[in-house]
Amino acid sequence: MKIENVPVKGLSSDEYEKTLKISWKPTLQYAWDNGIGIGKYLQSLKEGKILAAYCEKCGRIMLPARAFCEMCFRPTDKYLPVKDTGTVNTFAICHVNWDASRLKPDEPRYIPAVIEIDGASPGQGIMHLLGNVEPAKVRIGMKVKAVWKPADKREGSITDILFFEPY
Amino acid sequence: MKERVAIVGIGVTGFSSVSPSISFKELTYTAAVKAYHEAGLHPKEIDSFITASEDFMEGYSIFDEYVPDQMGAVMRPVQTVTADFIQALGIGCMMINTGRFRTIAVEAHSKASNVKTLNEVKAFALDPVYIRPLKENADFLAGLEMKRFLEETGNTEEQCAEVIVKNKANALNNPYAAHAASLTIDDVLSSPPISLPLKELDAAKPADGAIMIVLASEKEAKALCKKPIWIRGISWFSGQGNPWCRDFAYADYAQLAAQKAFAMAGIANPLKDLDFAEICDEYSYKELQHLESIGIARKGEAGFLTQTGVTKLGGLLPVNVSGGSLGVGHTYEASGGMKVVEAVMQLRHEAGIRQIPNAKTGLVQSWRGVPTATGAIAILSNE
């Protein structure tokens, strides 16, 4: 279709397809260095433990583990495992996929949640998914526990925990 | 500038081809701790924070959200600018000149090794209609600029090779440098072709590293610091953006920025008034082209000045004693930062074996790289 023939409005999808366009599909790939803090956290997940870091100055037990306390601006003093149980701080019930396409009516809904982990300082949560629970039954304040991948399947990623379920 | 602005602290990690043992946040934290220690300030005493970064190099959209932790800037005013470090430095100077800020921290880092498709990122900067469909490696723009520059000015490929030999040798004296080497002119001339006349050794190789500096108002600087380094002039320009209608013989952005920065700093004769210059040498010929555009060398004479030793350490006007991007490494948005750090060390007379005797005033310059015609210049001085 020539540009002078393009109507001011009301282009049909057929007409739209025929207009000249430039397209480009970028290939962007990154491999971020985990470094000390994230490295220790992910290694620990591989071992079936959630690792926190402790700052002596502010007394916070922080999640995820980190090499420096961003509030006191000093190195953290030690790394320590915390429990794999916690409390739902907030959650959402997702009816769409990652790419915003709709889930079919019979597909299970995703329930991402912030989970405040037992043993860490108040407000120190991690982001994960809830599972083995009816969306309508999820409540803020609900107690949940991590469901881990089998040890030989873990690869040092937050998905080494499959989801958190009520207990 | 209404109020004089000084650098009161610098922090720099070393530069290296890869840095697998440390995350970008930990890398920046390392530089930040050093800078705040030098300035004698806790980050809570910094009034505002700036990071120079480019989302495509970081692999994050809205990278602003990922910078506060490592700068000590949580719940503080932070911004990122998609520009070179020296442009971020200029923004810091303007902020202090508003009278609302006494101290500003400016940061830039490179984790170029983490970008697995660096050439795709470079291609993504090319015009999608008029250049990208040609599907050529972005370095071809440097090749064709080099060709026209040499043709028109009479500078030679041998003189470009002299730049590489000089800068990589200078880098041997710089413990921070990633790509120091002892080379001969023949090594350079026989290096594999990329986009001729551009050869492999003509292009700076990427490096990882982080830089943080602390800026302060005059009053604050005098109270904080025994050796404040003053920013006497600073400017940046974008020239002809469309590469197909550029005058490749000179860099318009560098000429414009130099005129402005020299006027601010009262520099009448750069060759006489400057003690050294840290010039963008992302490609060998760029050092020569920038020297001529800035007015340090006359048109067609930068290669001769290089060949006769005027720009080496001990020469009349040493250029890139740090090793430049060719010797230290190409650090993308942090490129100007590496040069500012070198200038501060020279002006404090803390540059060790590569110290330029009695250095008082220096120029630092950056360029945003292919395909841009954008660059910045700052004039730094210890008086």
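Below, each label is set against its definition.

Reply: A quick note before we start: this is a predicted model, where local features need pLDDT of at least 70, side-chain atom pairs count only at pLDDT 80 or more, and totals for chains, interfaces and linings use all residues. Residues are numbered from 1 along each chain as its sequence is written, chains are lettered from A and ligands numbered from 1 in the order in which they are written, and side-chain values use heavy atoms, with hydrogens and water left out.

Me: Why does Arg60(A) count as buried?

Reply: Buried means under 20% relative accessible area, with exposed over 50% and partly exposed in between (1.4 Å probe, protein chains only). Arg60(A) comes in at 18%, so it counts as buried. Arg60(A) sits in the loop between strand S1 (50-54) and strand S2 (61-62) of chain A; strands here are DSSP runs of E, at least two residues, and helices are H or I runs of at least four, numbered from the N terminus.

Me: What makes the Arg60(A) and Glu70(A) side chains a polar contact?

Reply: The rule wants a pair of N or O atoms within 3.5 Å; within protein, one must be able to donate a hydrogen and the other to accept it, and residues adjacent in sequence count only if both atoms are side-chain atoms. The Arg60(A) and Glu70(A) side chains make such a contact at 3.4 Å.

Me: Why is the link between Asp33(A) and Lys111(B) called a salt bridge?

Reply: A salt bridge needs a side-chain nitrogen of Lys or Arg within 4 Å of a carboxyl oxygen of Asp or Glu. Asp33(A) and Lys111(B) meet at 2.7 Å, N to O, and the rule finds one salt bridge across the interface of chain B and chain A. Inside chain B, Glu54(B) and Arg368(B) also form one, at 3.3 Å.

Me: How do you know which residues of chain B and chain A are in contact?

Reply: Contact means heavy atoms within 4.5 Å. By that rule, 38 residues of chain B are in contact with 23 residues of chain A.

Me: And what is the area buried between chain B and chain A?

Reply: Buried area is the accessible area (1.4 Å probe) that two parts lose on being put together, summed over both. For chain B and chain A that gives about 2400 Å², with carbon and sulfur atoms giving 65%. On the chain B side, Glu26(B), Tyr29(B) and Asn114(B) lose the most area to chain A, together 24% of what that side buries.
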